[in-house]
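These are my notes from one sitting with the model.

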Amino acid sequence: MKLVDQSSQQYRRLWWFASRGFAAVLLVLLVTSILTTPGGLQNLFNGLAIGGVYAIFALGYTLIFSILRIINFAHGAVFTLGAYFTYFLTGSAVGFNGLLANQQLPFGLPFPIAMIGGGILAGLCGILIERVAFRPLRNKGADPLLTLVSSLGVAVAIVNVIQLLVGAEIYSYPRNPFGELPAALNLGTFGGLSQRPVIIRTIQVIIFAVSMVIVVLLTYFINATKTGKALRAVAEDATTSSLLGIDTNRLILITFFLSGLIGGIAGTLVGLSVNVSGPYFGINFGLKGLAVIVLGGLGDIPGAVVGGLVIGVAEAFVPSAQVAYKDAIAFAVLFLVLLLRPQGLLGRAVVQKV
Amino acid sequence: MEGFLSTYGAAIVQMALAGVLALSLYLPLMAGQLSLASPGFYAVGGYVAALLSTQVFTGYPNGAYPIPLIALEMVVAGAISALFALIIGIPSLRLRGIYLALATIAFVEVLRVFALNQPWLGGAVGIYNIPQPFFSATRVEYLVLALPLLVGAALFVARLERSRIGRAFVALREDELAASAVGIRPTYYKVLAFTLGAILAGMAGALNAHILNTWNARQGTFDLAILILAYVLVGGSRTFLGPIIGGAFLVALPEIILREVAGTPGLNPAIAAFLRDGRLILFGVLIAVSVFFFPYGLITPNLFKRRRKPPVAPLEATKATPKVSRGEL
C-alpha cells in the first residue's frame, strides 16, 4: 500500500506550476497596462503612497495577530489617537467644542519630532489597552472571541472620549510641516515611459518613505535582534517559549507598544495627506486594514506590506468615472482572494490539524 | 404609563428588533460559523421593503399603510435575503473562523458601496417617505409587528435547538471533523444556518425600513455587525435567550443612562453632564467589563438546569476548561 497518493502529488505539482504561471502572466499584463495606459505611472505612484500607509497600518494588526491570534479592533482607535497626539504636540490648539476647547500645549515641537512623539504616546495607549482589555481575559483563559469584543468595547470608549474632549471637528496639521519644500515634484515623462508628465506631491514621497523606513526597521527588529527572535518564538508557540524562559507577557507588551507606535505614525501620515476628520477617522481605515492583512496572509509581515501596496495601487487605478466604487475595491479583492487563496497571497497553506 | 411609552416607545421596538438581529447572528454561530453578514441581509431586507412600499404598493399616499402588506414585504424580504445568503454562503462557508468573518464583512461593505451608488436605490440619500401604518410619534405601535417577529423567531430557534438540525449545528460547532465522520454534511448545515439567519435579518430590515421612514446605505454597516456580535456575546451564545436578552440590554443601556441615571435628582451637574455626553464611553467600558465578568454571557444554559446534587462541582469543571471551539480567532 502506497503511503503517499501519487496522483494527488502530481496534481499538486501541476497546480503549483499553474498558479505560479498564472501569477506571472498577471504581473506581465499589469506592468504593460501600467506603462501603456495614459497616466498609468502617475496612478502607480499615487497608489504606492497610500498603499504604504495601508501597509504599516496593517502591520499593527499583524503584529498582534501573529502573537495572540486575535484581531485588535481597538487598533483603528489607536491610529486616530496617534493623529491627534501629533496635532497637539505641534502646539496647535483644540477647536471650539469639547471639554478641552481652545487649550493648547505651551510649546510646539517640530513636525517630525511631534510625529514620533505622537507615535510613542499611541504606543503607550496600546500598552494600556493590552493591560485593560487583553491581559485580564487572557489570564482567565477566555474564548478569543470575547477578547475581540472587549477590544471593541475599548475602541468605542476611546472614540467617544476623543469626541468628548476635543469635539468632532476636522483638524489639519500646520502648513509646510517639513520646512520650505516644493509642494510637488515634476518627474517629466519619466524617461519616455509615460505619455503624460508625472507629478508627485512631496507629501506622497514623505509618506511612502516614512512607511518604508518603518517596514525596514520593523523587519530588522524582528529578524535580527534578540527580542525579535523571542517575539518569533512566542508567535510560533507561546507555551513552549514561556517554558524556555521567555517572558511572554513582557513580549506581548512590547508587541502592543510597537503596534500602537506604527499605528499612531500611520494615523499622522494619513492626517498629513487628508486631514484628521474627527474621532471616527480610524474606523474606515480599520476596515481596510483588515482587508489588507487577510490579503497578505494573517500574521505575515511581508504579506501585510505586499497586501497594502496591492490594495493602494488597485484603488489608484479605479477609473475616475467609477471613483465612487473605490471603497469597495479592497473588499472585492479580499472576497476573491479568500475564495481562491484562503491562506492569503503570501501565506502558506495551513494543514487542518485533527 | 403614557409618559413612559412616549419616552421609550421607539427604544422598546428597537430592543425587539435587536433581539431578532442577534438571533440572526446566533444561528450561524450555533453551527460554529462566525458570520458578520447580518447587516448586509438587514440592508437588503430594508431596501426590498422600501422599494415595494414606494414603487409597487402605491395606493396609500396619505392614508395608513395596511399592516398585512408590511407582513408580506417582510416575507418577500426574507426570501430575497435567503437567495443572497445561498449565493454568498455556498462559496464562502468553506472558510473558517476569522476568514469567514472577514469574508462576510467584505460582503457587507461591497453591498454598502453598491447601494450608495445606485440611483434606483436612492444613492446617498436613500429611499425616503416610506409609508407608515401608524401616525404616532413614539412608534410604539410597531410592536404589533416587531413582537410577533421576535417571539416567532425565538420559538423557531428554541424548537430548532432541540431538533435534529439543531443538534447537527451544535455537533459542527463542537467538532466539525467528528461531526462529518458521523454523517453530518458540514456544508449543507452551515449554509442552512447561514440562510436561516439571513432570513431573520432581512425581515428585521424590512420592518425597520417602515419604522425609520427612510432607508439608506448607512443602515447596514460594519459597526452594526460588531454591535450585533456584542449583543450575542454579552447576552450569551449558548442558548437562544442570550442573544435576545443581550440585544434588549445593550439597546436599552444608553437610553437608560441618558434619561434615568443622568436625570437622578440631586446629582452633581458635572457628573450628570458626563453621563449625558459620555454615555457611549460608559457603553464601551461596560461591554469590556461585562465580557470579563460574564465570559459565557449573561444567560447561560446552566441557569435553567435544575441543580441536582452538588451545585459547585460541575460549574467549576466547566469553568476550568475554557472552550476554544468557536473557530480559531
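Is A:K288 buried or exposed? I looked it up and found A:K288 buried, at a relative accessible area of 11%. For these words I take buried as under 20% relative accessible area, exposed as over 50% and partly exposed as in between, with a 1.4 Å probe and protein chains only.

On the basis of the notes: this is a predicted model, in which local features need pLDDT of at least 70 and side-chain atom pairs count only at pLDDT 80 or more, while totals for chains, interfaces and linings use all residues. Residues are numbered from 1 along each chain as its sequence is written, chains are lettered from A and ligands numbered from 1 in the order in which they are written, and side-chain values use heavy atoms, leaving out hydrogens and water.

**Salt bridges**

I looked up the salt bridges over all chains and found 7 in the structure. The criterion is a side-chain nitrogen of Lys or Arg within 4 Å of a carboxyl oxygen of Asp or Glu.

A:K288 is paired with A:E315, at 3.2 Å from N to O. Helices here are DSSP runs of H or I with at least four residues, numbered from the N terminus. A:E315 is buried too, with a relative accessible area of 4%.

In chain B I noted B:R112 with B:E109, whose closest N and O atoms are 3.1 Å apart. Both residues sit in helix 4 of chain B, 3 residues apart, or about one turn of the helix. B:R112 and B:E109 are both buried.

I also noted a salt bridge between B:E174 and B:R173, 3.3 Å from N to O. B:E174 is partly exposed at 34% relative accessible area, whereas B:R173 is buried at 8%. Back in chain A, salt bridges with shared partners join A:E130, A:R135 and A:R138 into one network.

**Helix packing in chain A**

I then took helix 4 (residues 111-140) and helix 5 (residues 144-166) of chain A, whose axes come within 9 Å and cross at roughly 160°. Helix 4 of chain A is therefore roughly antiparallel to helix 5 of chain A, a term for angles over 145 degrees. Axes are lines fitted to C-alpha atoms over the stretch in contact, and angles run from 0 to 180 degrees between N-to-C directions.

A:L124 is in helix 4 of chain A and is partly exposed at 45% relative accessible area. From A:L124 to A:L181 I find 57 residues in sequence and 32 Å in space, C-alpha to C-alpha.

**Surface patch**

I found a nonpolar surface patch made of A:F22, A:V25, A:L26 and A:L29, with about 420 Å² of accessible area together. Patch residues have over 30% relative accessible area and no salt bridge, and nonpolar side chains (Val, Leu, Ile, Met, Phe, Trp, Tyr) are joined within 5 Å. Areas come from the Shrake-Rupley method with a 1.4 Å probe. A:F22 belongs to helix 1 (residues 6-36) of chain A and is exposed at 57% relative accessibility.

**Positive phi**

Last, I checked two residues of chain B that are not glycine. B:N129 has a positive phi of about 55° and lies in the loop between helix 4 (97-116) and helix 5 (143-162) of chain B. B:N129 is exposed, at 60% relative accessible area. B:N213 has a positive phi of about 80° in the loop between helix 8 (186-212) and helix 9 (222-235) of chain B. B:N213 is partly exposed, at 23%.

Terms used:
Patch = residues over 30% accessible without salt bridge, like charges linked within 9 Å, V, L, I, M, F, W, Y side chains within 5 Å. Parallel < 35°, antiparallel > 145°, perpendicular 65-115°, else oblique.
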